[in-house]
Each structure stands twice: as structure tokens, then as C-alpha cells.
Amino acid sequence: MAKNTICLWYDKEAEAAARFYAEVFPDSKVSAVHRAPGDYPSGKEGDVLTVEFTVAGVACIGLNGGPAFKHDEAFSFMITTENQEETDRYWNAIVGNGGQESACGWCKDKWGISWQITPRVLLEAMAAGGDEAKRAFDAMMTMKKIDVAAIEAARRG
């Protein structure tokens, strides 16, 4: 296990979430599934307790801790995409698998984890600053899934 690992709390579906992420994102995998050695408040001996996995190169552990804590937008994975095809693929995988759209390139998966599906062109526009950044920002503010062509057009003015 990595020295620094993101721990994500799930009710009971850490393994399903980890396997979904490993299927959708490159450089992702499920490394280990650990079962509870005894009963615990939200499960029984033998239930999946933790899942070690990687999402786009980031080490994570999923904990099936029960319904006490819910995910919110204070934590999100930001996935940088190279083009509209990649943006669409990730967005559609998350939203189309029981997730929900939000604004400005954000969506949530069916387990409540927030994702920012962010085309590189948008990040480059923000880094450019000035009028170019303002135009791209204003265009982004009207979107749910980011439209790469619209951001490129906004950058040009």
C-alpha cells in the first residue's frame, strides 16, 4: 500500500465502485479485497471491509463503513482529458451508470463521489489569464459537460 492513500467511505459497495473505476479509467486497478475478520457495526464477519485500488494512478482504499457518512463535493477526483471524445467517454460512463450531471464539468457517480471531467484546453485557458481566461470561464459557467469546441471558440474570442 502507498504511504499516502485516499480513503473513501462507502456504505456497502466499495468493491463495486473500485471495479467500476478500474474498468473506466486508465492506470486504474483493484489490488486487494479484504474481508472483515469479525462482525462490526455495519457488517458481518466475511463481508468486504476494505478494497485497495488505484484510480488514474492515485492510490485509494474503499472502506465499507456503513451509512453514517455521505460523500459531498468537498472531495472530488479531477480527471484531465485531451479532447471531446475522452471527455464524453468518462462523463458518459459516470452519468450513464446511475450518476448525475452537475455544472461546470462536475458530475457524481452512483456512489456519491464527485468527479471533475476537465478538458486540458479549459485548464490552459484559465492559466493564460486575462480576457482569454474570462471568455473561457464565462463559456464554462453555462455548461454541464464541458464542450471542448465551445471553450476553444471562447478562447479565440
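In this predicted model, the side chain of Ser28 comes within 3.3 Å of the backbone oxygen of Pro26. A second polar contact involves the turn residue Ala56, whose backbone nitrogen lies 2.7 Å from a polar atom of the Ser28 side chain. Ser28 itself sits in the loop that links α1 to β2 (29-35). Although part of a loop, Ser28 counts as buried, because its relative accessibility is 14% and the cut-off for buried is under 20%. Once neighbours within four places in sequence are set aside, the residues in contact with Ser28 are Tyr21, Ala22, Thr54, Val55 and Ala56.

The C-alpha trace spans about 60 × 25 × 25 Å along its principal axes. Of the 157 residues, 40% are buried. Among contacts with a separation of 6 or more, 57% are made by residues 24 or more positions apart. The accessible surface amounts to about 8,400 Å², with 51% of it belonging to carbon and sulfur atoms.

Strand β3 (residues 48-55) has pairing partners in β2 and in β4. The pairing of β2 with β3 is antiparallel and is made through 6 bridges; within it, Val33 has Val51 of β3 as its bridge partner. The pairing of β3 with β4 is likewise antiparallel, over 6 bridges, and here Phe53 stands opposite Cys60 of β4. A hairpin is formed by β3 and β4, with 2 residues between the strands, and Ala56 in its turn takes a positive phi of about 45°. Because 7 of the 8 residues of β3 are buried, this strand is largely enclosed by the rest of the structure.

Ile61 belongs to strand β4 (residues 58-64). With a relative accessible area of 14%, Ile61 is buried. Beyond its neighbours within four places in sequence, Ile61 is in contact with Thr50, Val51, Glu52 and Phe53, and also with Met1, Thr5, Ile6, Cys7 and Leu8.

Thr87 is one of the buried residues of helix α2, together with Glu86, Tyr90, Trp91, Ala93 and Ile94. The buried residues pack against several elements: the helices α1 (14-24) and α5 (148-156), and the strands β5 (76-81), β6 (100-101), β7 (106-108) and β8 (114-119).

At 1.5 Å a residue, the 13 residues of α2 (residues 84-96) should span 18 Å, and the end C-alpha atoms are 17 Å apart, which agrees. The N-terminal end of this helix is capped by Asn83, which has a side-chain oxygen 3.2 Å from the backbone nitrogen of Glu85. Just after α2, Gly98 adopts a positive phi of about 90°.

Notes
Residues numbered from 1 in each chain as written. Predicted model: local features only at pLDDT ≥ 70, side-chain atom pairs only at ≥ 80, totals over all residues. Heavy atoms only, no water. Helix = DSSP H or I, 4+ residues; strand = E, 2+ residues; numbered from the N terminus. Expected span 1.5 Å × (residues − 1). Buried < 20%, exposed > 50% of the residue type's maximum accessible area, 1.4 Å probe, protein only. Contact = heavy atoms within 4.5 Å. Polar contact = N/O pair within 3.5 Å; in protein donor to acceptor, adjacent residues only side chain to side chain. Areas by Shrake-Rupley, 256 points an atom, 1.4 Å probe, with all protein chains shown as cover. Pairing = 2+ DSSP bridges.
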